[in-house]
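Welcome, and please open your viewer before reading on. We will go from stop to stop, selecting a few residues each time and looking at what is there.

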Amino acid sequence: MARIPLAGGFYEDSAIQFDSQRSVNMYPVVSEVGNSKSILKLKNTPGIKNFLTSAHVVSGGDTIMTTAGMHVTADERLFVFYYVKTTGPVLEKLYAWEVFEDGTSILRINTTVTASFEYVKTADNGSVITIQTGADGFFYNLSTNTAALITDPDFPAGVFDVFYKDTYFIWLDSVTDRFYISSNNATDPANCVNALDFSTVESNPDSIKAIIGSGNEIAIFGNSTIEFFYNSGNVDFPFERNSGATQEIGTVSTRAVSKINNSIYFLGANETGYGVVYKMNGYTPKRISTHPIEQKLQSSSDLSAVISYTYQQEGSYFYVLTIPDIETTFCYDESSGLWHERVRTLPDTTPEEVVYYRHLVTYQEFVFNKNIVTDNETVIIDNNAPSAANTLYYYDMDYKVDDLLSVFSQINDLVFFQTTLIRERTFPHITNENKNIQYNYLELDVQKGVGNVSDTDPEINLYISRDGGHTFGNKFLLPMGSSTDYIVRTRADMLGVSRDTVFKIISGSPVQHEWFTAYIDIEVMNE
């Protein structure tokens, strides 16, 4: 009998027969004491549970409603933004609800906009939130709860990103590739910026792409550079470039730049190419993507549309990448340094018929001691009088399914359907100099006794590939134990013979999943 690796990250190579490892809705956790049963275990990702007491609803002919962003103020006020489009004639509006800790909400903004991109960018200075829709900018006054269009004639025409630092709003302008600063603690939408209060990114003539904070500095990303600026206190223009910190790499996607645990993550680009994920180590970018991740990224038709967010749960720090035209979501765990996949499935999906779709979540904010999340999808409520609705969710480690707002919901009656959370681990290849190997049994060391009222006798499905991971045969059912059965053997016997074997385990049971290691009894056959 020998121990073989079970826990690990995503490493599905373009050549499946080289490596076909996947961890789907399971993330690797490193033992911090060094003498646990295994160095790594796999732990189930959280379920998505509804947070709102009623859906956010708009009505109108042929309505299309998409989430455009969320914002949390320093005093924990949560705002969620939506774009609403109707046809005949085409009308685009910006809606914003303020959401409270008890799950109730109130409509705060309902105004016509000229939106030039599908999301909003926001920042606040404690008095107002500046909201940028693309062509239009707004100030939302947090005291009066009113929104006003920015009408200052000096306001730049091509603002696409905004950040707050040291009493200033900092706006990025795509028309001039400059960044502008507001007046100190600006609150007046008619008088908030001076046309001469701007600077440029000068080390390379590339386009400005994104802005984010980095300690006491701001980092401004171009297509092929990163430049850092600090507040020098200069009365003419306070932000000066840190000339010794410039990096010759930028980002391909404005929305793939995120920060967590004092580290900046981004999807890189420079004159040599793009599609590599980096984490900043001080001023130095460090590659964290693997070749299989990069192969998947570079298969996308539009990396500029990649979206990221970051969050922390149970001490793990996650950077999550959604690639709109790839049917999976990639997640990097800073604690383990490994990637895994997050997906969703259709309702009532079984492991035998599973089809994966990219994860629901595209927006996240931590507020009310919860990771509040939402998507950018639309639900049509009443086909006779078309209306659209959306809701908010939160990550819950104890919730073993995903909620989704149902098309059968009515305005005052939320109806959800629940989708199965499929968990999968595809093992590394098992070979021995291309000799035939007889597999007497495989036993999984997993958390047992996890049965509950939803599934009293949960099981893991085992599948075996004998052609290097291309196809998998019939399943073996491995028990995980009822709620009091802690000594059940999660084992399958008489598994046949092959030269190149890949094991895959899948479970859709709505129970606790924590998988440690595996033991195998084999005989290498003489030839």
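Which residue forms a salt bridge with glutamate 334? Select lysine 279 as its partner: the closest N and O atoms of the two are 3.2 Å apart. A salt bridge here is a side-chain nitrogen of Lys or Arg within 4 Å of a carboxyl oxygen of Asp or Glu.

Before the next stop, a word on what you are looking at. This is a predicted model, in which local features need pLDDT of at least 70 and side-chain atom pairs count only at pLDDT 80 or more, while totals for chains, interfaces and linings use all residues. Residues are numbered from 1 along each chain as its sequence is written, and side-chain values use heavy atoms, with hydrogens and water left out.

**Stop 1: the first pair, in context**

Stay with glutamate 334 and lysine 279, whose salt bridge has its closest N and O atoms 3.2 Å apart. This pair links distant parts of the chain, 55 residues apart: glutamate 334 is in the loop between S31 and strand S32 (338-344), and lysine 279 is in strand S27 (residues 273-281). Strands (E, at least two residues) are DSSP runs, numbered from the N terminus. Glutamate 334 counts as buried at 15% relative accessibility, and lysine 279 counts as partly exposed at 22%. Buried means under 20% relative accessible area, exposed over 50%, and partly exposed in between (1.4 Å probe, protein chains only).

**Stop 2: other salt bridges**

The count of salt bridges comes to 16. For one of them, select lysine 43 and glutamate 314, with the closest N and O atoms 3.7 Å apart. Here, too, distant parts of the chain are linked: lysine 43 sits in strand S5 (residues 40-44), glutamate 314 in the loop between strand S29 (307-313) and strand S30 (316-322), and 271 residues separate them. Lysine 43 is buried, at 13% relative accessible area, whereas glutamate 314 is exposed, at 53%.

Next, select arginine 255 and glutamate 118, whose side chains meet in a salt bridge of 3.5 Å, N to O. The two are 137 residues apart, with arginine 255 in the loop between strand S24 (250-251) and strand S25 (258-260), and glutamate 118 in the loop between S11 and strand S12 (121-124). Is arginine 255 buried or exposed? Arginine 255 is buried, with a relative accessible area of 11%, while glutamate 118 counts as exposed at 52%.

**Stop 3**

Move on to histidine 429, in the loop between strand S41 (423-426) and strand S42 (437-446). Histidine 429 counts as buried because its relative accessible area is 19%. What does its side chain reach at 2.9 Å? Look for the backbone oxygen of isoleucine 16. A polar contact of 2.7 Å also joins the side chains of histidine 429 and aspartate 500. A polar contact is a pair of N or O atoms within 3.5 Å; within protein, one must be able to donate a hydrogen and the other to accept it, and residues adjacent in sequence count only if both atoms are side-chain atoms.

Select threonine 329 in strand S31 (residues 329-333). Threonine 329 is buried, with a relative accessible area of 0%, and its side chain reaches the backbone nitrogen of histidine 359 at 3.0 Å.

Then find asparagine 50 in strand S6 (residues 47-50). Asparagine 50 is buried, at 17% relative accessible area, and its side chain reaches the backbone oxygen of leucine 52 at 2.7 Å.

**Stop 4: two loop residues with positive phi**

Select glutamate 76, in the loop between strand S8 (64-72) and strand S9 (78-86). Its phi is near 65°, a positive value in a residue other than glycine. Glutamate 76 counts as partly exposed, at 41% relative accessibility.

Asparagine 145 lies in the loop between strand S14 (137-141) and strand S15 (146-149). The phi of asparagine 145 is near 55°, also a positive value in a residue other than glycine, and asparagine 145 is partly exposed, at 24%.

Technical notes. Helices (H or I, at least four residues) and strands (E, at least two) are DSSP runs, numbered from the N terminus.
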